Amino acid sequence: MKTNPITELLSSVCRPLVPVLVQTLGTMFTEILVSLLIGGLIYFLVMRNRNQVLKTKDGWWGAGAPPDGEEDVSVRPFKISTSDEELEDLHRRLDQTRPVASLEDSQFHYGFNSQCLQKVVSYWRNDFDWRKQVDKLNQYPHFKTNIEGIDVHYMHIKPQRVPQGSAVIPLIMVHGWPGSFYEFFGIIPLLTEPSDPGDCVFEVVCPSIPGYGFSEAPHKKGFDSVCAARIFHKLMKRLGFQHFYAHGGDWGWLVTTNMAQLEPKTVRGLHVNFAPPSKPGLRVTLSIMLGRRFPKLFGFTDTDIQKLYPCKEKLVVESIKESGYMHIQATKPDTAGRGLNDSPVGLAAYILEKFSTWTSRDFRNLEDGGLTRKFSLDDLLTNIMIYWTSACIVSSMRFYKENFGKGLDQPHSRIPVVVPTGFACFPNELMHTPKLWVQQKYHKLVSYTLMARGGHFAAMEEPQLMAEDIHKFVRTVEKKTKKQ
Amino acid sequence: VWMLSTGGILACMVHKRRQVKTIPLGEGWWGAGQKSLSKDDNIYSFRVETSDKDIEDLYERIDRTRYTDPLEDSGFHYGFNSTYLKKVVSYWRHEFDWKKQVEMLNKYPHFKTKIEGLDVHFIHVRPPHRENQKVLPLMLVHGWPGCFYEFYKIIPLLTENQDGVAFEIICPSIPGYGFSEAPHKQGFDSLSAARIFLTLMERLGFSQFYLQGGDWGSLITTNMAQMKPQCVKGLHLNMFLSRRGFKVLLGLMFGRYLPFLVGLTWEDVRRLFPYFEKNVWEILRETGYLHIQATKPDTAGCGVNDSPVGLAAYILEKFSTWTDLENRALEDGGLERKFNLDELLTVIMIYWTSGSIVSSMRFYKENTKRNFDNRVDQKTGIFVPTGLAAFPNELMHCPQAWAQIRYKNIYSYTFMSRGGHFAAFEEPKLLADDILQFVKKVEKP
């Protein structure tokens with residue numbers, strides 16, 4: 001009989017131990033059982049969270065009760081239009097604005113500077129050509145379709161030329177507040193007609209969140225980001241897409257994240273440029289407390305340290321300085337938006353203040369708010385006109401109350417995202433999120449790019465950089481899926 | 001020697017605590033451009049005026065309002081309900097008579113005088129009969145979104161003889177509010193307003209006087225009492241906040257079950273608890289306006305200065321919610337339960353015709369600039385005789401035990417039976433009675 005010397009050694013060691021082991025097991029039976037149970041429970045909870053899918057129910061947002069009969073699933077082409085009356089009314093209101101002089105030397109620290117506002121209004125009144133902009137808006141095909149009782153507006157851009165052998169990749173892009181579908185006008189051609197032959201070719205769907213722009217506003221309470229996500233899923237299905245990529249910033253980030261949580265198998269990849277941690281978990285808190293001393297422990301780079309510390313100044317004071325609008329919109333949206341729906345100048349000041357400060361905080365020190373350094377007045381005013389002509393400012397603000405009103409501990413903030421994710425970290429974004437924090441929620445972070453320039457309205461401000469990152473991300477995911 | 005020195009140290013400490021501390025007066029100049037060399041101390045008569053053109057412009061803007069439907073069954077939870085707003089606006093457009101209201105405003109004599117570069121507006125009401133009674137000067141200071149007009153119902157009750165006491169009323173508008181010129185320079189906070197009002201009383205020839213205030217008026221009159229306690233015979237407040245501190249913390253922890261241990265009464269407990277719900281969540285829900293006005297007042301005020309309906313919704317929402325939080329569940333916000341539309345719209349018209357909404361909002365930013373708790377007035381106590389009226393529906397309740405941390409000389413603390421934030425406007429009789437009983441206590445030889 002061939003005996004393995006190692007087995008011999010082992011058995012000679014173990015044999016005397018066996019009776020001891022059996023005896024210990026017998027006495028420690030309960031403790032072992034309990035620890036197995038606890039271990040099992042932890043495993044169960046962890047695995048449950050990992051595989052949990054966000055649940056949702058259908059809703060009805062139209063006025064009154066839902067009608068009997070079949071749902072109207074038709075897709076109708078839509079053209080943006082204007083009229084002489086609309087322009088005359090606007091001009092009259094612009095002429096009758098009652099400006100208040102800003103305090104001496106206050107630049108943008110008290111809000112939108114009155115001298116800068118005067119220049120904007122003068123351009124708006126005398127040089128801005130809304131009819132020409134409407135033509136520009138109509139260069140892409142627009143549609144409306146009724147989902148859950150409200151008309152949802154979207155643009156659907158198919159690529160003109162598809163190189164031989166390439167697949168066309170569907171991509172939904174969702175805007176935020178105070179933006180609109182128009183933010184993506186600069187980036188769409190870079191995605192549907194890429195110059196680089198190695199790049200993917202996208203088919204872009206660009207909806208307006210219900211309550212924003214040309215999408216009808218919900219008539220019932222409770223329309224939050226999960227409802228928007230569900231509606232956009234229905235939209236994509238109605239257009240015949242079984243799988244697609246999603247991109248979003250600001251509210252678009254949350255809506256697309258919810259889309260990935262609702263149907264992880266449908267969303268092939270998620271690309272975001274804004275990802276504030278929804279719950280300050282243990283990892284995030286520890287990293288804030290110890291990150292400065294032990295950056296390597298949390299994977300903090302020099303950029304992270306520079307942007308996060310001193311943390312009281314950068315995370316607390318800055319947030320308080322800039323979140324007044326969020327506080328009032330999350331509590332009294334109907335009051336906050338009331339005056340802005342009558343006063344185009346008030347609306348412009350309110351919205352353009354964000355385009356100044358959220359592009360770079362340093363712009364608060366400038367008399368002109370640095371507004372035209374990164375955007376043209378035509379683009380900025382076109383965005384304002386979308387809010388003005390659709391009179392959607394109040395319903396756009398209600399979205400804040402619907403999302404924050406129920407508290408921060410929503411089911412979607414507890415469920416992680418298991419879809420491949422790409423994060424573009426722009427240097428002047430409102431809140432800097434280091435890789436560790438993004439990974440807390442996005443368990444499959446495929447790419448984390450430190451972008452060279454850009455702020456909150458990244459797609460509008462740096463379309464080239466953003467398009468490059470989207471291309472890079474999608475290529476990575478496609479390669480990985482092909483491998484599998 | 002041991003005991004003597006300990007005794008001595010203790011005596012010093014007690015003496016120091018009793019010693020009346022003041023805060024520095026400071027100085028300022030708020031006019032446009034450079035400070036002018038000439039000084040104009042005169043007091044000029046002023047009349048509130050209106051014109052057909054003003055009214056036509058108002059009507060035209062009202063007619064152009066673009067309403068948004070409210071969400072179904074939302075009451076006042078999302079802010080001012082649009083359906084009810086249309087009713088208010090319809091009254092405003094077709095029945096409200098501004099010319100008549102202006103005449104009513106002019107029934108008391110108005111004045112303006114230049115202080116620190118700004119035209120300060122005030123009304124000065126003398127009691128009709130001055131014989132055989134003590135006439136005591138009293139300054140009433142309003143807050144936001146109020147104005148001098150809030151006191152029009154209480155003035156007749158204070159200027160008439162009550163047990164030999166009658167008041168001579170001075171009622172200014174805070175610079176940046178109503179008919180007082182708005183500051184052109186940054187930094188105009190409650191300390192500056194307090195100093196300007198002290199100058200006003202001096203200019204009118206009063207060396208000793210009483211003060212009454214709520215909302216910002218409460219902070220400004222408190223500052224006045226801290227700057228020149230020798231001039232302030234008594235300070236009466238219908239809104240007062242406590243400092244955070246150990247005593248407050250203990251009160252929060254044990255107050256609900258052992259109130260007497262921490263100096264609270266059962267009424268205090270009823271008004272304070274459940275603490276988190278009442279004082280944290282409710283405050284969060286109701287302070288959005290404070291947050292945006294304290295950070296971006298120019299932006300917040302821009303739209304409402306062009307849209308009278310927007311201005312009305314913004315301001316009247318406070319008159320609804322701050323009178324009773326339960327009003328938020330009502331479709332009409334319970335506005336007309338305690339006020340009538342004529343008086344509410346008069347307040348709005350004062351903000352509208354003077355175009356002062358933006359400057360009124362800036363006051364929030366000026367007062368929350370640096371760390372507020374470290375401001376000199378927050379670290380100093382108030383030593384003049386103080387009367388506190390605690391109204392049940394005021395935004396935050398402050399028990400006497402906590403008020404005593406700062407107000408060292410409380411003569412009277414009354415649990416009022418009814419009323420909210422706009423006490424003088426809503427319950428003038430109750431407030432007048434409380435002011436009178438407080439003043440009598442102070443005047444007792």
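Biologist: Which strands of chain B does helix α6 lie across?

Modeller: Helix α6 (residues 190-203) of chain B lies across β1, β2 (110-115), β3 (118-125), β4 (134-141), β5 (165-172) and β6 (209-213) of chain B, and runs at about 115° to β2(B). Helices (H or I, at least four residues) and strands (E, at least two) are DSSP runs, numbered from the N terminus, and contact means heavy atoms within 4.5 Å. Axes are lines fitted to C-alpha atoms, for helices over the stretch in contact, and angles run from 0 to 180 degrees between N-to-C directions.

Biologist: What should I know about the model and its numbering?

Modeller: This is a predicted model, in which local features need pLDDT of at least 70, side-chain atom pairs count only at pLDDT 80 or more, and totals for chains, interfaces and linings use all residues. Residues are numbered from 1 along each chain as its sequence is written, chains are lettered from A and ligands numbered from 1 in the order in which they are written, and side-chain values use heavy atoms, with hydrogens and water left out.

Biologist: In what order do the strands of the chain B sheet come?

Modeller: The open sheet has nine strands in the order β1-β2-β3-β5-β4-β6-β7-β8-β9 (chain B), with mixed pairing; two strands pair if DSSP finds at least two bridges between them. β1 (43-46) and β9 (410-415) of chain B stand at the edges with a single partner strand each, so one side of each has no neighbour in the sheet.

Biologist: How many bridges join β8 to β9 there?

Modeller: Five bridges join β8 (residues 386-390) of chain B to β9(B), and the two run parallel; B:Gly387 stands opposite B:Ser412 in β9(B).

Biologist: Switching to chain A, which residues of helix α5 are buried?

Modeller: In α5 (residues 130-137) of chain A, the buried residues are A:Trp130, A:Gln133, A:Val134 and A:Leu137, where buried means under 20% relative accessible area, exposed over 50% and partly exposed in between (1.4 Å probe, protein chains only). Seen down the axis of α5(A), they fall within an arc of 105°, so they line one face of the helix; the arc is that of the directions from the helix axis to the C-beta atoms.

Biologist: And what do those buried residues pack against?

Modeller: The buried residues of α5(A) pack against α3 (84-95), β2 and α16 (377-390) of chain A, while A:Lys132 and A:Asp135 are exposed on the other side of α5(A).
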